[in-house]
Amino acid sequence: MKLLQAEEIESQRQVKMLEINNPEVLLEIKEYKDQSDLLTASLLVTDGAIKAQGSIADENAGTVDELLTTAVNTIVKLFVRATTKAISAKDKALQKKLEKPFTYFYANNKETCLQKLDAAVALLVTNKLIITNIDATDITDINTKINLYRVHKNVPRTEEVTKKSEGTDLLTLSVNEGKKIKKLMIKLVVGEYKDSNPTLADKARLLGKTIQLGKRHNVGSYSVVNASTGEPIGNAVITEVRTTTKKKKVITKVFKLDELGIKEFTTHILGKAVLTVVAPGFLDSTMNIVFKKNDPNEFVIGMSKVVPK
């Protein structure tokens, strides 16, 4: 079940509670009970679909996907760390090999995913004289995560189809149907009580709104380092310039990094951007980046010191 679905289901249940706490709506709005009964039936279907999703064996598609995601996230983070050393060593060939997005490792069949992950670890190991900030503990950790993904079997096709038809697809349909009924119930209450009982009308409006239960943002970070040493540059300033796809509007934002040379995002708009970094004692640096859905989005910008004349 997706987070947005969980939020919507909770909203539907809260609207159902309205008639328990305010039973007059059932007596004073003649159409309300029929809609309430329909929502009850829809929620029963929703509950059944949720149970169907959980009826598949423990080693299901979700479990395998989580193991893959964990392994890929770890290797991408290691590659970002390794990039700082490749920049310091001015090894552009190695730097290019390390510039791999999340989807490079993730969007493949299982065999290809494993091949790419194993090759990524081998790249780190064979270049350990340059990539000195990746130690044996890091390699053991990533190999453990890759092997966990390797040994877990994918869910059988028949079970995957069952889960989709009896659970995932049915849940989407029932949640959407319940949402339509819920909106009509709210309209009935607001229309009846907006003048005579505005408190109840406002209560219905608020109950109909979904409340965010957890994070669902595009996360990421900007890091600025000394291109020669790999050390962080504290309090650098990044100017981010984006151009919207449809209206071609230019949007500029300025971020001041912390003392560790990092700016973390709990939410960020997807798409392309140009970063310009300024820091005292360093030459201005520019980087083109793309914020992607479900990617780590950890961008490291290297800066060169100003050479005294």
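A nonpolar core, as used here, is a set of buried Ala, Val, Leu, Ile, Met, Phe, Trp, Tyr and Cys residues joined through side-chain atoms within 4.5 Å. Buried means under 20% relative accessible area, exposed over 50%, and partly exposed in between (1.4 Å probe, protein chains only).

This is a predicted model, in which local features need pLDDT of at least 70 and side-chain atom pairs count only at pLDDT 80 or more, while totals for chains, interfaces and linings use all residues. Residues are numbered from 1 along each chain as its sequence is written, and side-chain values use heavy atoms, with hydrogens and water left out.

Let's start with the largest nonpolar core. It has 28 residues, and Ile75, Phe79, Leu98, Phe105, Leu117 and Leu124 touch the most other members. Helices H4, H5, H6, H7 and H8 each give two or more residues to this core, and H4 supplies the largest share, 11 residues. Helices (H or I, at least four residues) and strands (E, at least two) are DSSP runs, numbered from the N terminus.

Leu117 is worth a click: leaving aside neighbours within four places in sequence, Leu117 is in contact (heavy atoms within 4.5 Å) with Leu68, Ala71, Val72, Ile75, Phe105 and Ile146. Apart from this core lies another, of 21 residues, with Ile9, Leu39, Val189 and Ala201 among them.

Next, the packing of H7 and H8. Their axes are 11 Å apart and meet at an angle of about 170 degrees, with axes fitted to C-alpha atoms over the stretch in contact and angles running from 0 to 180 degrees between N-to-C directions. The two helices are therefore roughly antiparallel, a label for angles over 145 degrees. On the H7 side the contact includes Lys110, Cys113 and Leu117, and on the H8 side it includes Ile139, Ile146 and Arg150.

Now the strands. Here they are with their residue ranges:

| Strand | Residues |
|---|---|
| E1 | residues 220–226 |
| E2 | residues 237–243 |
| E3 | residues 250–256 |

E2 and E3 pair in the antiparallel sense over seven bridges; pairing takes at least two DSSP bridges between two strands. Glu240 stands opposite Lys253 in E3. The two strands form a hairpin with six residues between them, and Lys248 in the turn has a positive phi of about 55 degrees.

Finally, Asn226 in E1. Asn226 counts as buried because its relative accessibility is 10%. Not counting residues up to four places away in sequence, Asn226 touches Ser88, Glu231, Ile233, Phe282, Met303 and Lys305. Asn226 and Lys305 are 79 residues apart in sequence, yet 7.5 Å apart in space, C-alpha to C-alpha.

Terms used. Parallel < 35°, antiparallel > 145°, perpendicular 65-115°, else oblique.
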